[in-house]
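Look over the sequence and the model first.

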Amino acid sequence: MLKGKHIVLGICGGIAAYKSVTLLRLLTKAGAEVQVVMTPAGKEFITPVTLSSLSQRPVVSEFFTANTGEWHSHVDLGLWADLMVIAPATASTMAKMAHGVADNMLVTTYLSAREPVMIAPAMDLDMYRHPTTQRNLRQLAADGVMIVEAETGALASGLQGKGRMAEPEEIFAIIERYFARCESLAGKKAVVTAGPTYEKLDPVRFIGNFSSGKMGFAIAGELADRGAEVTLVAGPVSLTVDHPRIRRVDVESAEEMCDATTQAFAGSDIAVFSAAVADYRPAERKDQKIKREGVATQTIELVRNPDIAARCGDMKRRGQVTVGFALETDDGHDAAHKKLHNKNLDFVVLNSLKDKGAGFRTDTNRVTIVSEDGEQAFPLKSKREVAADIVDAIEKAMK
Ligand code: C5P
């Protein structure tokens with residue numbers, strides 16, 4: 001699993017740095033190529049000589065070598081690596097990462113990293129539980145950093161509590177699981193709909209809704225991170241996407257979304273319908289701006305839009321896994337079960353606008369995944385974590 005993988009191992013100045021030697025050994029033994037990057041304080045705890053011998057690469061710590069002037073490029077490291085692991089991550093480095101204080105090679109490398117980043121914090125219990133550290137940890141998690149929680153036990157200070165770095169074997173197992181997950185959907189194709197649709201009334205007005213597209217974009221990102229080739233059919237949203245395995249198709253109306261989605265669905269293994277598709281569109285789209293002069297009331301005739309999920313449900317082949325959403329203003333369990341059947345879906349992700357932090361425009365969501373086999377309710381999580389839960393369910397169904 002790790003053979004040939006490129007890993008940047010960041011080491012900060014904490015007593016747990018001695019455990020990083022074991023982690024490095026485990027990684028290289030498993031066939032990974034490891035580039036060690038240390039903070040200046042890290043070198044006080046463990047010598048670069050030990051680390052460069054074990055990694056068979058010079059350790060990087062300064063921006064340039066003083067006597068030769070050779071420049072070490074953090075940008076190149078960011079392009080080279082498949083994963084950056086910072087173990088131990090000290091309170092100070094986490095604070096710098098959270099705020100972009102790029103005053104050493106390690107934090108600069110972090111800021112240039114295109115690859116995912118994992119940190120294993122280690123510090124004394126009071127530092128760990130300090131609101132500042134906890135705030136920084138939350139910020140880093142929100143920025144997408146994977147966190148290997150510190151453990152509870154004996155600390156170097158002689159105190160007992162939470163702050164011990166996870167054991168190297170544990171971190172190694174998490175890294176292995178991470179890479180296994182990266183390839184779990186390799187060779188699979190997926191289509192995801194996201195965002196609202198705009199149904200034009202005239203050249204300047206439309207009927208739309210408040211969907212931000214965040215949930216669908218998070219799902220597309222999660223599928224692509226696990227190796228799937230994703231077609232993301234996006235309504236008008238202000239989100240950007242930059243992933244080599246995501247092909248984005250921008251559409252405006254439900255009919256355009258329907259065309260793009262059904263086309264992609266035919267060759268897909270997975271479909272997730274997370275778009276908030278307008279149920280109706282104006283029967284007539286005026287070429288000129290509708291004028292209000294002398295018109296006291298306006299009646300707009302609406303006609304039904306195609307139901308994209310249901311259309312794909314009709315086309316569905318054995319082995320295709322499809323997921324729909326049910327955004328309800330009440331508890332919505334009956335509605336979710338109906339959608340499961342009517343749209344021939346494997347799962348319906350139910351969320352309610354009644355829940356604080358769920359639904360449109362938020363960064364969080366609280367969902368229940370409904371299937372023929374039952375219901376699984378999840379707590380409030382970030383949309384990216386919710387996306388991981390949904391993709392886990394998809395993977396289980398594909399087995
Ligand atoms: O029927 P309802 O709109 O509540 O169903 C929601 C689910 O169906 C979502 O997954 C949504 O993306 C999908 N849908 C669709 N096309 C429509 C309406 C809803 O794909 N026209």
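Helices (H or I, at least four residues) and strands (E, at least two) are DSSP runs, numbered from the N terminus. Q56 lies in the loop between α2 (48–55) and α3 (74–80). This is a predicted model: local features need pLDDT of at least 70, side-chain atom pairs count only at pLDDT 80 or more, and totals for chains, interfaces and linings use all residues. Residues are numbered from 1 along each chain as its sequence is written, and side-chain values use heavy atoms, with hydrogens and water left out.

**Ligand contacts**

- Ala, Val, Leu, Ile, Met, Phe, Trp, Tyr, Cys and Pro count as nonpolar, Asp, Glu, Lys and Arg as charged, and the others, Gly among them, as polar.
- Polar contacts are pairs of N or O atoms within 3.5 Å; within protein, one must be able to donate a hydrogen and the other to accept it, and residues adjacent in sequence count only if both atoms are side-chain atoms.
- P306 places a backbone N or O atom 2.8 Å from a nitrogen atom of the ligand.
- The side chain of K339 has an N or O atom 2.7 Å from an oxygen atom of the ligand.
- K343 has a polar side-chain atom 2.9 Å from an oxygen atom of the ligand.
- Of the 440 Å² of accessible area that the ligand has on its own, the protein covers 83% (Shrake-Rupley method, 1.4 Å probe; for residues, only the protein chains shown count as cover).

**The pocket**

- The ligand takes up the space of the second largest pocket. A molecule sits in a pocket if more than half of its atoms lie within 2 Å of its grid points.
- On a 1 Å grid over the protein atoms alone, a pocket is an open set of points where a 1.4 Å probe fits, with protein on both sides within 12 Å along at least five of seven lines; lining residues have an atom within 4 Å of a point.
- The lining has 39 residues, and A275, A276, V277, D279 and F325 lie nearest the centre.
- β16 gives the most to this lining, with five residues.
- The lining divides into 17 nonpolar, 13 polar and nine charged residues.

**Backbone details**

- Phi of Q56 is near 60°, a positive value in a residue other than glycine.
- The A87 to P88 peptide bond is cis, with omega near 0°. P88 is in strand β3 (residues 83–89).
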